[in-house]
Amino acid sequence: MDSQNTGSEREGEAATGKMARSVLCTCLGVLQLGRKTALLSGARFYSQSEAEPLTLKQQSDGIRRIILNNPKKRNALSLSMLESLRENILADVDSDDLRVVILSAKGPVFSSGHDLKELTSAQGREYHTKVFHTCSEVMTLIQDIPVPVIAMVNGVATAAGCQLVASCDIAVVTEKSTFATPGVSVGLFCSTPAVAIGRVVPRKVAMEMLFTGTPISAHDALLHGLVSKVVPEEQLEEETLAIAQRICKASRPVVALGKATFQRQMAQGRDAAYATASKVMVDNLALRDGQEGVRAFIEKRKPVWSHKAEKAHN
(Lines give C-alpha, C1' and ligand atoms only; values in the text may rest on other atoms or scores of the structure.)
Protein backbone atom coordinates (compact mmCIF):
# COMPACT_ATOMS: atom_id res chain seq x y z
CA MET A 1 0.00 0.00 0.00
CA ASP A 2 2.88 2.36 0.90
CA SER A 3 4.67 1.65 -2.38
CA GLN A 4 1.45 2.38 -4.29
CA ASN A 5 1.06 5.70 -2.48
CA THR A 6 4.72 6.59 -3.17
CA GLY A 7 4.26 5.78 -6.84
CA SER A 8 1.12 7.93 -6.99
CA GLU A 9 2.91 10.81 -5.29
CA ARG A 10 5.83 10.58 -7.74
CA GLU A 11 3.42 10.59 -10.65
CA GLY A 12 1.63 13.61 -9.14
CA GLU A 13 4.94 15.45 -8.68
CA ALA A 14 6.02 14.75 -12.24
CA ALA A 15 2.66 15.91 -13.59
CA THR A 16 2.73 19.01 -11.41
CA GLY A 17 6.20 19.91 -12.66
CA LYS A 18 4.78 20.08 -16.17
CA MET A 19 1.53 21.80 -15.22
CA ALA A 20 2.51 25.43 -15.62
CA ARG A 21 4.13 24.74 -18.99
CA SER A 22 1.14 22.69 -20.12
CA VAL A 23 -1.34 25.42 -19.15
CA LEU A 24 0.74 28.02 -21.01
CA CYS A 25 1.03 25.81 -24.08
CA THR A 26 -2.72 25.17 -24.04
CA CYS A 27 -3.47 28.89 -23.82
CA LEU A 28 -0.99 29.73 -26.59
CA GLY A 29 -2.39 26.95 -28.77
CA VAL A 30 -5.92 28.23 -28.35
CA LEU A 31 -4.60 31.78 -28.87
CA GLN A 32 -3.31 30.80 -32.30
CA LEU A 33 -6.64 29.13 -33.08
CA GLY A 34 -8.51 32.23 -31.95
CA ARG A 35 -6.41 34.49 -34.16
CA LYS A 36 -7.03 32.27 -37.18
CA THR A 37 -10.75 32.22 -36.45
CA ALA A 38 -10.80 36.01 -36.14
CA LEU A 39 -9.30 36.36 -39.60
CA LEU A 40 -11.94 34.05 -41.04
CA SER A 41 -15.01 35.42 -39.27
CA GLY A 42 -14.18 38.93 -38.03
CA ALA A 43 -16.96 40.40 -40.14
CA ARG A 44 -19.48 38.27 -38.25
CA PHE A 45 -18.72 39.86 -34.87
CA TYR A 46 -21.45 42.46 -35.41
CA SER A 47 -25.18 42.53 -34.85
CA GLN A 48 -27.50 42.28 -37.83
CA SER A 49 -27.74 46.07 -37.98
CA GLU A 50 -23.92 46.18 -38.40
CA ALA A 51 -24.00 49.28 -36.14
CA GLU A 52 -22.56 47.74 -32.97
CA PRO A 53 -19.99 45.01 -32.31
CA LEU A 54 -21.35 42.00 -30.45
CA THR A 55 -18.80 42.42 -27.68
CA LEU A 56 -16.82 45.39 -26.41
CA LYS A 57 -13.29 45.20 -24.99
CA GLN A 58 -11.63 47.82 -22.81
CA GLN A 59 -8.46 47.55 -20.76
CA SER A 60 -6.60 49.74 -18.27
CA ASP A 61 -4.46 49.22 -15.17
CA GLY A 62 -4.35 45.47 -15.69
CA ILE A 63 -8.15 45.08 -15.82
CA ARG A 64 -9.83 43.99 -19.05
CA ARG A 65 -13.54 44.66 -19.40
CA ILE A 66 -15.43 42.46 -21.87
CA ILE A 67 -19.06 43.46 -22.36
CA LEU A 68 -21.74 41.43 -24.14
CA ASN A 69 -23.27 44.04 -26.40
CA ASN A 70 -26.41 42.67 -28.05
CA PRO A 71 -29.21 43.58 -25.59
CA LYS A 72 -31.88 43.56 -28.32
CA LYS A 73 -31.31 39.81 -28.63
CA ARG A 74 -30.91 39.36 -24.88
CA ASN A 75 -27.16 38.88 -25.37
CA ALA A 76 -27.81 35.44 -26.84
CA LEU A 77 -24.68 33.32 -27.25
CA SER A 78 -24.92 32.95 -31.01
CA LEU A 79 -21.95 31.45 -32.81
CA SER A 80 -20.80 34.95 -33.77
CA MET A 81 -21.14 36.15 -30.17
CA LEU A 82 -19.13 33.18 -28.91
CA GLU A 83 -16.41 33.76 -31.50
CA SER A 84 -16.25 37.44 -30.62
CA LEU A 85 -16.07 36.61 -26.92
CA ARG A 86 -13.29 34.12 -27.58
CA GLU A 87 -11.29 36.70 -29.51
CA ASN A 88 -11.66 39.26 -26.71
CA ILE A 89 -10.53 36.78 -24.07
CA LEU A 90 -7.51 35.61 -26.06
CA ALA A 91 -6.21 39.00 -27.18
CA ASP A 92 -2.71 39.35 -25.63
CA VAL A 93 -3.70 36.85 -22.94
CA ASP A 94 -0.02 36.16 -22.25
CA SER A 95 0.80 39.84 -21.68
CA ASP A 96 2.18 40.83 -18.27
CA ASP A 97 -0.14 43.85 -18.44
CA LEU A 98 -3.25 41.67 -18.15
CA ARG A 99 -4.08 40.70 -14.55
CA VAL A 100 -7.84 40.10 -14.45
CA VAL A 101 -10.88 39.97 -16.77
CA ILE A 102 -14.34 41.31 -15.90
CA LEU A 103 -17.19 39.92 -17.99
CA SER A 104 -20.45 41.90 -18.00
CA ALA A 105 -23.38 42.71 -20.30
CA LYS A 106 -25.51 45.58 -21.52
CA GLY A 107 -29.24 45.51 -20.87
CA PRO A 108 -31.50 43.73 -18.36
CA VAL A 109 -30.43 40.24 -19.50
CA PHE A 110 -26.86 39.11 -18.86
CA SER A 111 -27.35 36.33 -21.40
CA SER A 112 -30.32 34.22 -22.43
CA GLY A 113 -28.11 31.38 -23.65
CA HIS A 114 -27.91 29.98 -27.17
CA ASP A 115 -29.76 31.62 -30.04
CA LEU A 116 -32.49 29.07 -30.74
CA LYS A 117 -32.82 30.31 -34.33
CA GLU A 118 -29.41 28.77 -34.92
CA LEU A 119 -30.54 25.41 -33.60
CA THR A 120 -33.29 24.55 -36.10
CA SER A 121 -33.01 21.81 -38.73
CA ALA A 122 -32.34 24.49 -41.35
CA GLN A 123 -28.79 24.86 -40.05
CA GLY A 124 -28.18 21.14 -39.72
CA ARG A 125 -26.09 18.86 -37.54
CA GLU A 126 -22.67 20.15 -38.66
CA TYR A 127 -23.54 23.74 -37.75
CA HIS A 128 -25.06 22.66 -34.43
CA THR A 129 -21.88 20.74 -33.62
CA LYS A 130 -19.82 23.85 -34.33
CA VAL A 131 -22.01 25.97 -32.03
CA PHE A 132 -21.62 23.63 -29.06
CA HIS A 133 -17.95 22.97 -29.72
CA THR A 134 -17.25 26.71 -29.76
CA CYS A 135 -19.32 27.24 -26.63
CA SER A 136 -17.45 24.50 -24.77
CA GLU A 137 -14.17 25.98 -25.95
CA VAL A 138 -15.07 29.43 -24.59
CA MET A 139 -16.22 28.02 -21.24
CA THR A 140 -13.04 25.99 -20.75
CA LEU A 141 -10.91 28.86 -21.98
CA ILE A 142 -12.28 31.06 -19.19
CA GLN A 143 -11.05 28.52 -16.66
CA ASP A 144 -7.73 27.80 -18.41
CA ILE A 145 -6.36 31.28 -19.06
CA PRO A 146 -3.74 32.34 -16.49
CA VAL A 147 -5.72 35.25 -15.04
CA PRO A 148 -8.94 35.24 -12.97
CA VAL A 149 -12.24 35.98 -14.74
CA ILE A 150 -14.98 37.78 -12.81
CA ALA A 151 -18.63 37.73 -13.94
CA MET A 152 -20.40 41.00 -13.14
CA VAL A 153 -24.11 40.23 -13.45
CA ASN A 154 -27.07 42.58 -13.27
CA GLY A 155 -30.09 40.69 -14.58
CA VAL A 156 -31.13 37.35 -15.98
CA ALA A 157 -28.69 34.55 -16.82
CA THR A 158 -30.29 31.46 -18.36
CA ALA A 159 -29.10 28.23 -19.99
CA ALA A 160 -25.66 28.84 -21.56
CA GLY A 161 -25.77 32.30 -19.97
CA CYS A 162 -25.95 30.61 -16.58
CA GLN A 163 -23.18 28.29 -17.74
CA LEU A 164 -21.06 31.35 -18.49
CA VAL A 165 -21.51 32.64 -14.93
CA ALA A 166 -20.71 29.21 -13.48
CA SER A 167 -17.54 28.99 -15.59
CA CYS A 168 -16.10 32.23 -14.24
CA ASP A 169 -13.75 32.14 -11.26
CA ILE A 170 -15.71 34.76 -9.31
CA ALA A 171 -19.25 36.11 -9.79
CA VAL A 172 -20.56 39.36 -8.30
CA VAL A 173 -24.28 39.85 -8.91
CA THR A 174 -27.08 42.23 -8.02
CA GLU A 175 -30.04 41.36 -5.83
CA LYS A 176 -32.38 41.36 -8.82
CA SER A 177 -30.33 38.82 -10.80
CA THR A 178 -31.80 35.36 -11.44
CA PHE A 179 -30.37 32.12 -12.80
CA ALA A 180 -32.04 29.25 -14.63
CA THR A 181 -31.55 26.31 -16.98
CA PRO A 182 -34.95 26.22 -18.73
CA GLY A 183 -33.95 24.13 -21.75
CA VAL A 184 -36.17 21.24 -20.67
CA SER A 185 -39.24 23.39 -21.32
CA VAL A 186 -38.32 23.80 -25.02
CA GLY A 187 -37.27 20.19 -25.53
CA LEU A 188 -33.54 20.87 -25.26
CA PHE A 189 -32.17 19.65 -21.92
CA CYS A 190 -29.34 21.90 -20.69
CA SER A 191 -26.66 19.22 -20.81
CA THR A 192 -23.71 21.50 -21.57
CA PRO A 193 -24.67 24.11 -18.92
CA ALA A 194 -24.89 21.19 -16.49
CA VAL A 195 -21.14 20.55 -16.85
CA ALA A 196 -20.23 23.93 -15.33
CA ILE A 197 -23.21 24.28 -12.99
CA GLY A 198 -22.84 20.75 -11.62
CA ARG A 199 -19.27 21.55 -10.60
CA VAL A 200 -20.16 24.58 -8.49
CA VAL A 201 -23.52 23.78 -6.88
CA PRO A 202 -24.70 20.67 -4.98
CA ARG A 203 -25.97 17.83 -7.16
CA LYS A 204 -29.57 17.97 -5.99
CA VAL A 205 -29.77 21.73 -6.52
CA ALA A 206 -28.37 21.33 -10.03
CA MET A 207 -30.84 18.54 -10.81
CA GLU A 208 -33.82 20.61 -9.68
CA MET A 209 -32.67 23.51 -11.85
CA LEU A 210 -32.17 21.21 -14.84
CA PHE A 211 -35.37 19.16 -14.51
CA THR A 212 -37.76 22.02 -13.72
CA GLY A 213 -36.18 25.06 -15.37
CA THR A 214 -37.32 27.11 -12.37
CA PRO A 215 -35.18 30.22 -11.80
CA ILE A 216 -33.31 30.69 -8.55
CA SER A 217 -32.76 34.06 -6.92
CA ALA A 218 -29.42 35.78 -6.45
CA HIS A 219 -29.46 34.94 -2.74
CA ASP A 220 -30.21 31.25 -3.42
CA ALA A 221 -27.43 31.27 -6.02
CA LEU A 222 -25.10 32.62 -3.31
CA LEU A 223 -26.32 30.05 -0.79
CA HIS A 224 -25.61 27.18 -3.20
CA GLY A 225 -22.23 28.47 -4.44
CA LEU A 226 -23.14 29.56 -7.97
CA VAL A 227 -22.08 33.15 -7.23
CA SER A 228 -19.57 34.79 -4.89
CA LYS A 229 -21.32 37.93 -3.69
CA VAL A 230 -24.74 39.62 -3.91
CA VAL A 231 -24.82 43.42 -3.77
CA PRO A 232 -27.32 46.24 -4.35
CA GLU A 233 -27.44 47.34 -7.98
CA GLU A 234 -25.81 50.70 -7.26
CA GLN A 235 -22.82 48.95 -5.68
CA LEU A 236 -22.17 46.36 -8.39
CA GLU A 237 -19.50 48.29 -10.28
CA GLU A 238 -17.71 49.41 -7.15
CA GLU A 239 -17.63 45.96 -5.53
CA THR A 240 -16.50 44.20 -8.71
CA LEU A 241 -13.73 46.69 -9.39
CA ALA A 242 -12.57 46.46 -5.77
CA ILE A 243 -12.08 42.70 -6.16
CA ALA A 244 -10.30 43.16 -9.50
CA GLN A 245 -7.99 45.79 -8.03
CA ARG A 246 -7.07 43.53 -5.13
CA ILE A 247 -6.17 40.78 -7.61
CA CYS A 248 -4.03 43.27 -9.55
CA LYS A 249 -1.95 43.90 -6.43
CA ALA A 250 -0.75 40.28 -6.43
CA SER A 251 2.05 38.84 -8.55
CA ARG A 252 0.73 37.71 -11.94
CA PRO A 253 2.78 34.45 -12.15
CA VAL A 254 1.83 33.55 -8.58
CA VAL A 255 -1.87 34.03 -9.36
CA ALA A 256 -1.51 32.06 -12.61
CA LEU A 257 0.19 29.18 -10.84
CA GLY A 258 -2.44 29.25 -8.10
CA LYS A 259 -5.35 29.21 -10.54
CA ALA A 260 -3.93 26.27 -12.50
CA THR A 261 -3.17 24.36 -9.31
CA PHE A 262 -6.64 24.91 -7.85
CA GLN A 263 -8.28 23.65 -11.04
CA ARG A 264 -6.24 20.46 -10.87
CA GLN A 265 -6.80 19.93 -7.15
CA MET A 266 -10.56 20.02 -7.58
CA ALA A 267 -10.34 16.94 -9.82
CA GLN A 268 -8.10 15.01 -7.43
CA GLY A 269 -8.60 12.98 -4.29
CA ARG A 270 -7.43 14.38 -0.95
CA ASP A 271 -3.97 12.77 -0.81
CA ALA A 272 -3.14 13.54 -4.43
CA ALA A 273 -4.36 17.12 -3.96
CA TYR A 274 -2.04 17.59 -0.96
CA ALA A 275 0.88 16.13 -2.93
CA THR A 276 0.15 18.52 -5.79
CA ALA A 277 -0.27 21.50 -3.47
CA SER A 278 2.94 20.79 -1.54
CA LYS A 279 4.98 20.53 -4.75
CA VAL A 280 3.47 23.73 -6.12
CA MET A 281 4.15 25.61 -2.87
CA VAL A 282 7.82 24.68 -3.25
CA ASP A 283 7.72 25.78 -6.91
CA ASN A 284 6.08 29.02 -5.82
CA LEU A 285 8.88 29.68 -3.32
CA ALA A 286 11.42 29.21 -6.11
CA LEU A 287 9.92 32.13 -8.06
CA ARG A 288 11.56 35.53 -7.79
CA ASP A 289 8.20 37.03 -6.80
CA GLY A 290 7.69 34.28 -4.23
CA GLN A 291 10.94 35.20 -2.52
CA GLU A 292 10.21 38.92 -2.86
CA GLY A 293 6.91 38.43 -1.03
CA VAL A 294 8.58 36.54 1.82
CA ARG A 295 11.35 39.14 2.17
CA ALA A 296 8.87 42.01 2.07
CA PHE A 297 6.85 40.43 4.87
CA ILE A 298 9.95 39.90 7.00
CA GLU A 299 11.17 43.44 6.30
CA LYS A 300 7.69 44.90 6.93
CA ARG A 301 7.38 46.64 3.56
CA LYS A 302 5.23 46.35 0.45
CA PRO A 303 6.47 43.80 -2.10
CA VAL A 304 7.74 45.00 -5.46
CA TRP A 305 6.58 42.42 -7.97
CA SER A 306 8.41 41.67 -11.21
CA HIS A 307 5.29 39.96 -12.63
CA LYS A 308 7.72 37.63 -14.43
CA ALA A 309 7.81 33.86 -14.03
CA GLU A 310 11.51 33.97 -13.26
CA LYS A 311 13.22 31.77 -10.68
CA ALA A 312 15.11 32.96 -7.63
CA HIS A 313 16.65 29.51 -7.20
CA ASN A 314 16.32 25.98 -8.54
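**Cavities and burial in a predicted model**

Author: In the protein chain, take the contacts between residues at least 6 apart in sequence: 70% of them join residues at least 24 apart.

Reader: What makes a pair of residues a contact?

Author: Heavy atoms of the two lie within 4.5 Å. This is a predicted model, where local features need pLDDT of at least 70 and side-chain atom pairs pLDDT 80 or more, while totals for chains, interfaces and linings use all residues. Residues are numbered from 1 along each chain as its sequence is written, and side-chain values use heavy atoms, without hydrogens and water.

Reader: Why is H114 called buried?

Author: Buried means under 20% relative accessible area, exposed over 50%, partly exposed in between, with a 1.4 Å probe and protein chains only. H114 has 13%, so H114 counts as buried. Of the 314 residues of the protein chain, 45% count as buried.

Reader: Where does H114 lie, and which residues does H114 touch?

Author: H114 is in the loop between β4 (109-111) and α3 (124-144). Leaving out residues up to four places away in sequence, H114 touches A76, L77, L82, L119, V131, F132, C135 and A160. Helices (H or I, at least four residues) and strands (E, at least two) are DSSP runs, numbered from the N terminus. The protein chain has 11 helices and 10 strands.

Reader: What makes a space a cavity?

Author: On a 1 Å grid over the protein atoms alone, a cavity is a set of points where a 1.4 Å probe fits but cannot get out. Lining residues have an atom within 4 Å of a point. Points are joined across faces, edges and corners, and a volume is the space filled by probe spheres set on them. By this rule there are 2 cavities of 30 Å³ or more.

Reader: Which residues line the second largest cavity?

Author: They are R99, P146, V147, P148, I247, A250, S251, R252 and V255. By class, that gives 6 nonpolar, 1 polar and 2 charged residues. Domain 1 (55-248) and domain 2 (250-299) each give at least three residues to this lining. The domain bounds come from an automatic or database assignment.

Methods:
On a 1 Å grid over the protein atoms alone, a cavity is a set of points where a 1.4 Å probe fits but cannot get out, and a pocket is an open set with protein on both sides within 12 Å along at least five of seven lines; lining residues have an atom within 4 Å of a point. Ala, Val, Leu, Ile, Met, Phe, Trp, Tyr, Cys and Pro count as nonpolar, Asp, Glu, Lys and Arg as charged, and the others, Gly among them, as polar.
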